[in-house]
2 protein chains.
Amino acid sequence: MSETAYAQTDRTTPTRNRERASAEREVIHSILDSNWICHLSFIADGAPVVLPTIYARVGGYLYVHGSTGSRPLRAAGADEGLAVCVTVTQVDGLVLAKSAFHHSVNFRSVVAHGIAHQVTDPEELAVALDALVDQSVAGRSADVRRANAKELAMTAVVRLVLDEVSAKSREGGVRDDEADLGLPHWAGVVPVATVHGTPEPDPSTTVPLPAYLRDLG
Amino acid sequence: MSETAYAQTDRTTPTRNRERASAEREVIHSILDSNWICHLSFIADGAPVVLPTIYARVGGYLYVHGSTGSRPLRAAGADEGLAVCVTVTQVDGLVLAKSAFHHSVNFRSVVAHGIAHQVTDPEELAVALDALVDQSVAGRSADVRRANAKELAMTAVVRLVLDEVSAKSREGGVRDDEADLGLPHWAGVVPVATVHGTPEPDPSTTVPLPAYLRDLG
């Protein structure tokens, strides 16, 4: 294990497409920091479940938002925690080859495994909630009414230590077989991106658009 | 169970935010048909795993793409199949309330539970592969060299019958507490969308941009 990389375990060591995998902290953190939706999976009644939710990275922790009423969060509140896998995926393009077989997707993803624990310390919970708000809109947490005690009690956040974590990605162009290059099909890459539209103020809003909303991309 | 809705089970019956849930076929199929990336979860060595991949809906089936080298697909090739949960999520907007507590996300998602089986019949596999190509770019499967026998043997697709499946969504504006409406914070919705950029042809491409690529949105 180098200081710039996460340690690899059996389940973070790729068995296929090794050139697409990375354990580098910089790569993993970059993907985590440019997204805010994750898919959280856990086992309920012996079967796998995966749900979308929001997350934030704070140093070596992932904070994942839930509800105090939801089953996984209740389990994570117990001392033993909850075994989870959290995956963050960003799609960058459709790769259209001349052969169906070489069609692919340009993407960046992070998969983190571990035991999640519910955040119960009020100070840590406050930090986590600010980070959850700022993950999607940097600077937003300074421009809201923060949660009061009653709201904090209704909010559940779990913490996952980033430890067993890896990144995968594919980038670049089409990789068709030599024998297919002359086929009369269109081949190339169609870029895919997630973009923000023009902010739509609520009727209650009396202030101009804040700077932190002007350049979301 | 109505003919227009999927039957509900314990795990597809919402315990919270019931107004955001739907078992209607039309709603579920509409979400599935306007996306092509899913998150596939399963249990490996007793722990949950969730990975991004592509899928296609064909009638009452979901076909999910994998690799013959990957562990979940090998398990799904066995007679007993593989317990999975497949989730498709589309983000439509950031809901920025005056209180941190009422921040939310506009989204549409589908969660499907069941036992996945590897597709082994060559005719079904051919249909599934065409559907996988067409799910992201309608019409594309007619403009490629289809997979040959060797490639088919290297491709794994699992079938999940849409049976235990439900949708969730949130739409609309901010729902702040009355007491917060006068606060001097910006509140409103920031639309979020996934868009396609200008197709970038591979140097081997000698044909003009096909009609099916001109209006991807």
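How many of the 217 residues of chain A count as buried? The share is 44%, where buried means that 20 or more other C-beta atoms, placed from the backbone, lie within 10 Å of a residue's own; 12 or fewer makes a residue exposed, and anything in between partly exposed.

**Before you start**

This is a predicted model, in which local features need pLDDT of at least 70 and side-chain atom pairs count only at pLDDT 80 or more, while totals for chains, interfaces and linings use all residues. Residues are numbered from 1 along each chain as its sequence is written, and chains are lettered from A and ligands numbered from 1 in the order in which they are written.

Colour chain A by pLDDT, the predictor's confidence in each residue on a scale from 0 to 100. The mean for chain A is 93, and 96% of its residues reach 70 or more. Where pLDDT is low, the predicted coordinates should not be read in detail. The scores of the model are ipTM 0.95 and pTM 0.95.

**Stop 1: chain A as a whole**

Show chain A as a cartoon. It has four helices and 10 strands. These are DSSP runs numbered from the N terminus, with helices (H or I) of at least four residues and strands (E) of at least two. Followed from the N terminus, the order of elements is β-α-β-β-β-α-β-β-α-α-β-β-β-β. The C-alpha atoms fill a box of roughly 65 × 45 × 35 Å along the principal axes.

Contacts come next: two residues are in contact if their C-beta atoms, placed from the backbone, lie within 7 Å. Of the contacts in chain A between residues at least 6 apart in sequence, 69% join residues at least 24 apart.

**Stop 2**

Select E6(A), residues 104-118. Strands count as paired if DSSP finds at least two bridges between them. E6(A) pairs with E8(A) in the antiparallel sense over seven bridges, and with E7(A), also antiparallel, over two. In the E7(A) pairing, Gln118(A) has Val158(A) as its bridge partner. Now select E7(A), residues 155-161: six of its seven residues are buried.

Which residue of E8(A) stands opposite Ser109(A)? It is Lys168(A). Ala21(A) also stands opposite Lys168(A). Strand E1(A), residues 21-22, is joined to E8(A), residues 164-170, by two bridges, and these strands run antiparallel.

**Stop 3: the nonpolar core**

A nonpolar core is a set of buried Ala, Val, Leu, Ile, Met, Phe, Trp, Tyr and Cys residues joined through C-beta atoms within 7 Å. The largest one has 94 residues, and Val64(A), Val86(A), Val64(B) and Val86(B) touch the most other members. Select Val86(B). Apart from neighbours within four places in sequence, its contacts are Cys38(B), Leu40(B), Tyr55(B), Leu62(B), Val64(B), Ala112(B) and Leu160(B).

**Stop 4: where the chains touch**

Show both chains. Here 79 residues of chain A are in contact with 79 residues of chain B. Among the elements of chain A that each supply at least two residues to this side are strand E5 (82-96) and helix H3 (122-136). E9(A) gives the largest share, nine residues.

Colour this side of chain A by residue type. It divides into 45 nonpolar, 23 polar and 11 charged residues. Here Ala, Val, Leu, Ile, Met, Phe, Trp, Tyr, Cys and Pro are nonpolar, Asp, Glu, Lys and Arg are charged, and the others, Gly among them, are polar.

**Stop 5: strand E9**

Within its own chain, E9(A) pairs antiparallel with E5(A) over four bridges, and Leu94(A) has Val190(A) as its partner in E9(A).

**Stop 6: the axis**

A rotation of 180° with 0.0 Å of shift along its axis superposes chain A on chain B, with an RMSD of 0.0 Å. The two copies are therefore related as by a two-fold rotation axis. Superposition is by least squares on the C-alpha atoms of residues with pLDDT of at least 70 in both copies. Which residue of chain A comes closest to the rotation axis? Select Thr194(A): its C-alpha lies at 2.1 Å. Both copies use the same surface, as 100% of the contact residues of chain A recur in chain B.
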